Amino acid sequence: MHLTLCLIPLACSYVDLLCVNLQLRMLVIGRFFEAFPDKKLPEIHFMKLYEIFCATNRNAYCLDDLAQFWSTAFVSLLIVIAGCFHYESDRRTFYALIVFGVAGVLLTFLIRNRYHKLHLRIMNHDLIGYK
């Protein structure tokens, strides 16, 4: 039963990847509307205003990181701690929980780092042909 805990960091990392993918998609769509010239399509003006507003208030979404990445890292650390309780009684369970818990922490920071790099790339990208 304790070995089923090994799946939790992997499942959390999978969910983090799905969330990051959706966040990046929404960011690209937002950048598109933000950069789209009003002159070519006047009905885009409202969307452009909304996206400019979101871009200037992006710090309002800072709790996403807390809920998404830090909760995964915390749960993975709890699994490492749970593994420590099995050091004397069951070495296989100990090693499995430690390895998967540490892997969950590492995956969390790798995903978070990659997300922030892609986020910066999208925000700094000059959408060629639309300005």
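I take helices (H or I, at least four residues) as DSSP runs, numbered from the N terminus. The model is predicted, so I keep to its limits: local features need pLDDT of at least 70, side-chain atom pairs count only at pLDDT 80 or more, and totals for chains, interfaces and linings use all residues. Residues are numbered from 1 along each chain as its sequence is written, and side-chain values use heavy atoms, with hydrogens and water left out.

**Entry: Ile81**

I looked up Ile81 and found it in helix α3 (residues 63-84). Its relative accessibility is 46%, so I log Ile81 as partly exposed (between buried, under 20%, and exposed, over 50%; 1.4 Å probe, protein chains only). Ile98 is 17 residues away along the chain, with 7.9 Å between the two C-alpha atoms.

**Entry: α1 and α4**

I checked helix α1 (residues 7-35) against helix α4 (residues 91-124): the axes come within 10 Å and cross at roughly 5°. I therefore note α1 as roughly parallel to α4 (angles under 35 degrees). Axes here are lines fitted to C-alpha atoms over the stretch in contact, with angles from 0 to 180 degrees between N-to-C directions. The contact (heavy atoms within 4.5 Å) includes Leu17 and Leu24 of α1 and Ile111 and Tyr115 of α4.

**Entry: largest pocket**

I read about 530 Å³ for the largest pocket. A pocket is an open set of points on a 1 Å grid where a 1.4 Å probe fits, with protein on both sides within 12 Å along at least five of seven lines; lining residues have an atom within 4 Å of a point. Of 17 lining residues, Gln23, Leu27, Arg58, Tyr61 and Asp64 are the closest to the centre. Helix α1 gives the largest share of the lining, five residues.

Conventions
Helices (H or I, at least four residues) and strands (E, at least two) are DSSP runs, numbered from the N terminus. Angles under 35 degrees count as roughly parallel, over 145 as roughly antiparallel, 65 to 115 as roughly perpendicular and the rest as oblique. Grid points are joined across faces, edges and corners, and a volume is the space filled by probe spheres set on the points.
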